[in-house]
Amino acid sequence: MSKEKRVKKDAKILKKFIKVYCKKNHLKKGVAVYKDGYCKDCFELLQYALKRNEKCPLDPKPQCKHCHIHCYKPEYRQKIKEIMKYSGMYFLKRGRLDWLFHYFF
């Protein structure tokens with residue numbers, strides 16, 4: 001898969017996973033919408049993750065949890081792990097296996 005296709009695919013997944021997490025954990029609890037349906041913290045995390053994804057030096061890019069180079073700052077890395085775990089379970093429980101297939105394949 002070309003780098004441009006991979007970056008686009010990863011961006012689509014990141015946006016969807018972060019949006020679900022933000023909607024269920026922040027916006028539902030009264031946090032104000034900042035941009036594009038995200039709270040300020042989630043929007044900043046998304047921008048950071050998209051930038052990191054584009055600048056990944058490895059080809060082919062492994063999943064971040066299997067990477068020997070960790071390009072995320074530790075606090076962002078922990079937050080992304082939390083989001084992926086929450087959103088993955090969210091999609092799995094609701095029968096949205098198509099999103100999980102996008103993530104893993």
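## An exposed loop residue

D36 counts as exposed because its relative accessibility is 59%, where exposed means over 50% relative accessible area, buried under 20% and partly exposed in between, with a 1.4 Å probe and protein chains only. D36 lies in the loop between α1 and α2, and its phi is near 50°, a positive value in a residue other than glycine. Most residues other than glycine have a negative phi.

## Basis of the model

This is a predicted model, in which local features need pLDDT of at least 70 and side-chain atom pairs count only at pLDDT 80 or more, while totals for chains, interfaces and linings use all residues. Residues are numbered from 1 along each chain as its sequence is written, and side-chain values use heavy atoms, with hydrogens and water left out.

## The two helices

Helix α1 covers residues 3–25 and helix α2 residues 40–54, and their axes come within 10 Å and cross at roughly 160°; helices here are DSSP runs (H or I, at least four residues) numbered from the N terminus. The two helices are therefore roughly antiparallel to each other, a term for angles over 145 degrees.

## Their contact

In the contact (heavy atoms within 4.5 Å), K3, R6, V7, D10, A11, L14, K15, I18 and C22 of α1 meet C42, L46, A49, L50, N53 and E54 of α2. These residues divide into nine nonpolar, one polar and five charged.

K12 is also found in helix α1, and at 46% relative accessibility K12 counts as partly exposed. The C-alpha atoms of K12 and L50 are separated by 9.9 Å, although the two residues are 38 residues apart along the chain.

How values were computed. Axes are lines fitted to C-alpha atoms, for helices over the stretch in contact, and angles run from 0 to 180 degrees between N-to-C directions. Angles under 35 degrees count as roughly parallel, over 145 as roughly antiparallel, 65 to 115 as roughly perpendicular and the rest as oblique. Ala, Val, Leu, Ile, Met, Phe, Trp, Tyr, Cys and Pro count as nonpolar, Asp, Glu, Lys and Arg as charged, and the others, Gly among them, as polar.
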